[in-house]
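Trainee: Could we go through this model together? I would like to begin with how its elements are named.

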Amino acid sequence: MSPTAAGGPEPPVITAPQVISARQVISARQVISAPRVIPATPGSGVLAPGYVVLAGGLVTEVGQGPPPRPADVVLDDGVLVPGFVDLQVNGYYGEDLAAARASGWATVSRRLPETGTTAYLPTFITAPLPELIAALRTAVVIMAALPGGGARVLGVHLEGPFIAAERRGAHNAAWIIPPSPAAIDELLAAGAGLVRLVTLAPEADGGLAAVGRLAGAGVLVSVGHSDASARQVAAAADAGARMVTHVFNAQRPLGHREPGVAGQALADSRLTSGLIADLRHVDPRVCAIAFAAAPGRICIVTDAAACAGMPPGSYLLGGMPIELPSGDGEPPVRADGTLAGSALRMDAGVANMVAAGIGLVAAIGAASRVPADLIGRPDLGRIAPGTAADLVWLGGDLRAKATWVAGEKVYPAPATGAGHAGTRRTGGIAG
């Protein structure tokens, strides 16, 4: 079925909740009904109305029409979608993840569901190699003890230090190094299996060999902060690269005779491109071009910095100052005016893409299934039997109203969410 417009008329609620205990809601089957459900599986469109059945932290059934039994949770408006997967989160809520303590990671993971994000990659930008090694070792310890009840941490994204100085963006040129086998091996060893994504410039000395070495180790390799030609990007894809980091930003641009990184990213079916969907890094018309040129190969990322979710002021990115100006949606900048990450929410990114003319189903897929598949997690980013019960209820404005991780409602928090407007439920928990 074709998607209905965000914020349009909603079908009436079709059922009423039955009495069920809180313990049963968590451990037994739980049924959620909604005016619209977007499973984000290929060809599924919009189920209007729809329902989802959860058990044991997994989706066991999804369908259109009335649920198989009275729903435990009835969403009176909006749309139920898969939890969002963000592959580029430098920080959030005042925390720069490369330098944050365990409490900072816990804060970010606990609060990201407020934005609809249920899984993410903490991202470390270019830093001196010893500092990156130390940060990875610390991350291994933190992740092992990270409390539940928040967004899943899928590993770490190293955005550098193997990038091109001329396309460094907000990265420190003094810390950029060539991708030597020794440096790669040190980082992988420090990460102890935690390094899931590496952004590099394949045109650097040893770049193609580095792509092969990383891909052979099971790491997703992304072309980014790169001045590579289209031919060099294609060679990187031949060597195993499968992604382009924040397409159009900090890379050789699309030209009509030299397609550059951006042109090859859109033309090469092997490559999926991250897109910072704040409408400041990339004009909405160019966002529409990207989705039209590479359907199913665009994934929304925030590239969020520590200032995301915070008031205007001074923050850090990669240990260096950034300033978040006033104004809704404005990105942070370095002292010289260079854009330095974003303050974007994933739900806002979806809404921005819909406003740019991208269909709601395609925008939801770009924030959920596409990044999940890219990172090798087909159990995430879709609503289908056997997948993780990570769900987001979006209101008519496409802002997250409630979020579930592994079938447990983590936003609003159970202690404060029992009376959330627009839902009807029973038992002692918030859904």
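Mentor: Helices here are DSSP runs of H or I with at least four residues, strands are runs of E with at least two, and both are numbered from the N terminus. Please keep in mind that this is a predicted model.

Trainee: Which residues of helix 9 are buried?

Mentor: They are M346, D347, G349, V350, N352 and M353.

Trainee: Let us turn to open spaces. What volume does the largest pocket have?

Mentor: Its volume is about 500 Å³. The pocket is lined by 27 residues, and those closest to its centre are D328, G329, A343, R345 and A348.

Trainee: Which element gives the most to that lining?

Mentor: Helix 9, spanning residues 346-355, gives the most, with 4 residues.

Trainee: And how does the lining of the largest pocket divide by class?

Mentor: There are 14 nonpolar, 5 polar and 8 charged residues in that lining.

Trainee: A change of topic: where is D397?

Mentor: D397 sits in the loop that runs between strand 19 (391-394) and strand 20 (400-405).

Trainee: Is D397 buried or exposed, and why?

Mentor: D397 has a relative accessible area of 57%, and the cut-off for exposed is over 50%. D397 therefore counts as exposed.

Trainee: Which backbone atom lies 3.0 Å from the side chain of D397?

Mentor: That is the backbone nitrogen of R399, and the distance is to a polar atom of the D397 side chain.

Trainee: How far is D397 from A351, in sequence and in space?

Mentor: The two residues are 46 positions apart in sequence, while their C-alpha atoms are 7.5 Å apart in space.

Trainee: Which residues line the second largest cavity?

Mentor: The lining is made up of L158, F162, I184, L187, L188, V195, V198 and L214. By class, that gives 8 nonpolar residues, with no polar and no charged ones.

Note on methods. Residues are numbered from 1 along each chain as its sequence is written. This is a predicted model: local features need pLDDT of at least 70, side-chain atom pairs count only at pLDDT 80 or more; totals for chains, interfaces and linings use all residues. Side-chain values use heavy atoms; hydrogens and water are left out. On a 1 Å grid over the protein atoms alone, a cavity is a set of points where a 1.4 Å probe fits but cannot get out, and a pocket is an open set with protein on both sides within 12 Å along at least five of seven lines; lining residues have an atom within 4 Å of a point. Grid points are joined across faces, edges and corners, and a volume is the space filled by probe spheres set on the points. Ala, Val, Leu, Ile, Met, Phe, Trp, Tyr, Cys and Pro count as nonpolar, Asp, Glu, Lys and Arg as charged, and the others, Gly among them, as polar. Buried means under 20% relative accessible area, exposed over 50%, partly exposed in between (1.4 Å probe, protein chains only). A polar contact is a pair of N or O atoms within 3.5 Å; within protein, one must be able to donate a hydrogen and the other to accept it, and residues adjacent in sequence count only if both atoms are side-chain atoms.
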